[in-house]
Each structure stands twice: as C-alpha cells, then as structure tokens.
Amino acid sequence: MIEFRLPSLGADMDEGKLLEWLVAPGDAVRKGQVVCVVDTAKAAIDVECWHDGVVHKLLTEPGATIPVGTPMAVLREADESAATVDEQLARRVAPAQKKKVAPSPAAAPVAAGQAAAPITAGAGATAPAAAKRAKVPAGPGAPATAGRKRISPAARRRAQELSIDVLTLAGSGAQGEVSLADVEAAAGARTARAPSPDKAVAQAPAGSRTPKMRAVIAAAMARSKREIPHYYLSEDVPLLAATAWLAERNAERSVADRLLMAALQLKAVARALQRFPDFNGYWKDGFEPGTGIHLGVAISLREGGLVAPALHDVPALDIATLTRALLDLVRRTRAGQLRSSELSDATITVTNLGDQGVASVLGVIYPPQVALVGFGRVTERAWALDGALRAAPVVTASLAADHRAGDGHRGGLFLAAIRDALLAPDELDRPAEKDANNET
C-alpha cells in the first residue's frame, strides 16, 4: 500500500488547496504522472505521483485545504489486491477510531453486547466525505460527480487565470465536461455583471493572489535571515570572451533561437558546483548534499511576487538546450503551468537582476538551501587586459552562503570557479561528465 501525501512545494508552503483530481479509483498511474492540481499561495501546481500503482481510494475532496504531509490518496502496488489494501486500512483506522470514540467519564456507557458501527471511511474522514468518495466512478471515461469535475486542460488553465471556480460551471461537452468555451462564457457573464470601468477598474487590486503571496514570501525570508548566518561575497567578471562567443553563434541563428547570456551564467554556476558540491544541497540537521545539480531560477510573476522553479541536471545540457529550457520555464511559470518537482527539487537558487538595471544583487538564501548566486547587469567598464586599459563588458557575480555549511574561503573559491567558467565559454558548451572531480 502506498500513501500519496501532499508534498511540500517549497519552504514557504505549509498547506495547499486541492483544486482537482486528474485520476479516479481504479486508474493505473505511473511515476512522474500528474495526478492532481493543488493551489498554493503562489500558483496552481500540477502535482506528480512518484510511485507506480493503481488508485485505490481518494481521501481528499476537491476544495479542501490541507497541511503539507496529509495523506491525499491510497495506491495499490502491482502485487496487491483491493482486499489486501482494505484490510491494511482497517487495521490502521480501528485503533485510531477506538481512541477517538472512547467515552469520557461523564458519558453514558455502551450497552452490553452492542456492536460498534463498522468503519468504512479512510482515516480521519467524515461519513459524508466517505459517501461522496464511494460514488466516484472507476475509470477515466466515467461521468463527473460532485467530487470530480471533468474539465479540459485548456479550460482549467483559463479558469485559473480568470479566478473562476470550475465547480460552479455547467459543462457543455461530452459527459458534462467543461470546455474552454464554457469558461469564456462564464467570464463574459461576470464581466456583464461587473461595475462600469469608471467606477471600479481604477480601484481594482493588482491581483487576488498577491497579498497572500507577499505574506508567504515575507515569512520565508524572515525565517531565512533569522535562522541562517549569511555571509556575502562578490566578484567582477569580464565577459569579453563570453560576449564574442555568443555573437559568433547567434549570427547564424534566428532572433527567436538566439542563445542567452543567462544560459551561460547558469551553466557556469552548475560547472562550479561540480567542483564545490558543498554549496549544492540543504541544511537540515546538518548538510545534506543534493542528489543532482538542479538550479532554482528566480522568476518574477506579472501580478507580483516571485517563484524559483528548478532547471534539472544543468551540467548535462549544452547552451542551446539550456536556453530553450530556461525560456520554457519562464513561460510556464508565468502561465501557471509548473509541476511539483520543479518547485521542490532546486538545490541552489540563481537570481539575475541585470534586466532591472542594477549593478549587483545580494540575495537572501531560500531555506533549506545553503547558497544563492546573483548576477547584476552587464556594463561597459575600464578593464586592464594584457597590460593595456580597454572598455570591456563586465558583470558582478555575488554569493550569499550559509556559514553553518562552509566559510568565506570556500565561498571565494566557488565564486572564482564561476568566473573561470565564464572566461571559457567553449568549455561551458560541452556537457560535463557526472563524475567530475570535486575539490575538497
């Protein structure tokens, strides 16, 4: 038996609201398959299941807000029968139920010989919720019920963008499925009922999610500065070789397919982390190294706020592939199409504020990570090269690091490794070996 629990999608997440199940009891699921959509303070996230199995029972109803770690569903493993899983659930529920219904000293005793009512719901579930789950049909082709609204992916995304509750919509599609046209019609009806622009629009809030998101970010950053002993370092890096390398390769590419300096910077960080893995991981009871090099990329949202989803296994990517992956990640982040693994796997965060016109950035570490790398804007500066002074494009790279996991000496070597990597763009474009030597 496998318990599918609400995963933590970042240190700033304590709870989530289940918006929709994408599976039903009886459905086979694969590792990495999206099985539900959960709303957090920052976005609606497609949550993946990390086990192969068959959905046995759904324990959480759409619309419920639950803490991280709460069991949401029960899966059967390949060699398990439904009866076996039911028996395991009954053994778990019975002791808890006995403790829950034990009479207080003032309560009337149960009559002798009176049988206890059988337990049919999952642990902690109410009888009405269990009854609703019992009505959820098995199989992906079954009609919708009150517990599972059928809706196309495009319609679901559009409803999220417009803040429309899909449970209030009547679907016009097959078996009552809500289509994109249904969502647009509901939006049009809402607009028709809304006050005229001269009375309401001028005072409209920037975004219904923004205040809660700011509160969540504030709590996480306050925790970071309170618990993590930060130290900061910075290094000016000349980019003559990097800009010339990009110009040469982009001359052969279309505008839409051009390589980005940001991709070179990300690859330089990943390459340096292979030499200095003590910056790639988490501080929990002690330092725990990351299982891969997954760079969290700080991305601003149009309605305000910030998300840092992960680019996975960056050392294995060439610059063209990394550029495409970065652009796709930014697009999906701002469209609300992220997956849970992208919000939970980052082993270090990289922030780039060069497009905001700032010379440098000294960031706040995102717990439980132990480091954050920042890049400012690329500017023309006077630079001594081969005994002569000339104008050169230069960027300031910065490091915020956790003093519990290391010291300034290691941080300086790590920043120098990022600098050296940017000075050799040809080497950066080659996928690195996973067993590259670490400097200890």
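Predicted model: local features only at pLDDT ≥ 70, side-chain atom pairs only at ≥ 80, totals over all residues.
Figure 1. Phe279 and Phe414 form a stacked aromatic pair, with 4.7 Å from centre to centre and 10° between the planes. Phe279 lies in the loop between α8 and β10 and Phe414 in helix α11, so the pair ties together parts that are 135 residues apart in sequence. Phe279 counts as buried, at 4% relative accessibility. A search of the whole structure finds three aromatic pairs. In the pair of Phe276 and Phe414, the ring centres are 6.4 Å apart and the planes stand at 65°, so this pair is edge-to-face. Phe276 is in the loop between α8 and β10 (281-283), 138 residues from Phe414 in helix α11. The relative accessibility of Phe276 is 0%, and Phe276 counts as buried. Phe276, Phe279 and Phe414 form one aromatic cluster.

**Figure 2. Helix α11 and its N-terminal cap.** Helix α11 comprises the 15 residues 408-422. At 1.5 Å a residue, α11 should span 21 Å, and its end C-alpha atoms are 21 Å apart, which agrees. Asp407 caps the N-terminal end of α11, where a side-chain oxygen of Asp407 lies 3.2 Å from the backbone nitrogen of His409. The buried residues of α11 are Arg410, Gly411, Phe414, Leu415, Ala416, Ala417, Ile418, Ala421 and Leu422. An α-helix has 3.6 residues a turn, so residues three or four places apart point the same way.

**Figure 3. The largest nonpolar core around Ile418.** The largest nonpolar core has 74 residues, of which Leu295, Phe414 and Ile418 touch the most other members. Helix α8 (residues 261-275) gives the most to this core, with nine residues. Leaving aside residues up to four places away in sequence, Ile418 touches Ala268, Val269, Ala272, Val373 and Phe375. A second core of 10 residues is separate, and includes Ala159, Leu162, Val178 and Val183.

Figure 4. Ala405 is found in the loop between β19 and α11. Its relative accessible area is 22%, so Ala405 is partly exposed. Not counting residues up to four places away in sequence, Ala405 touches Trp283, Phe287 and Val370. Ala405 and Val370 are 35 residues apart in sequence, and their C-alpha atoms are 6.9 Å apart in space.

Figure 5. Most residues other than glycine have a negative phi, and most peptide bonds are trans. The peptide bond from Pro367 to Pro368 is cis, with omega near 10°, and Pro368 is placed in the loop between β16 (348-352) and β17 (371-375). Asp313 is not a glycine, yet has a positive phi of about 50°. The loop that holds Asp313 runs between β15 (310-311) and α9 (319-334), and Asp313 is partly exposed, with a relative accessible area of 37%. Asp386 also is not a glycine and has a positive phi, of about 55°. Asp386 lies in the loop between β18 (379-385) and β19 (388-402) and counts as exposed at 79% relative accessibility.

Methods
Residues numbered from 1 in each chain as written. Heavy atoms only, no water. Helix = DSSP H or I, 4+ residues; strand = E, 2+ residues; numbered from the N terminus. Expected span 1.5 Å × (residues − 1). Buried < 20%, exposed > 50% of the residue type's maximum accessible area, 1.4 Å probe, protein only. Polar contact = N/O pair within 3.5 Å; in protein donor to acceptor, adjacent residues only side chain to side chain. Core = buried A, V, L, I, M, F, W, Y, C linked by side-chain atoms within 4.5 Å. Contact = heavy atoms within 4.5 Å. Phe/Tyr/Trp six-rings, centres within 6.5 Å; stacked < 30°, edge-to-face > 60°.
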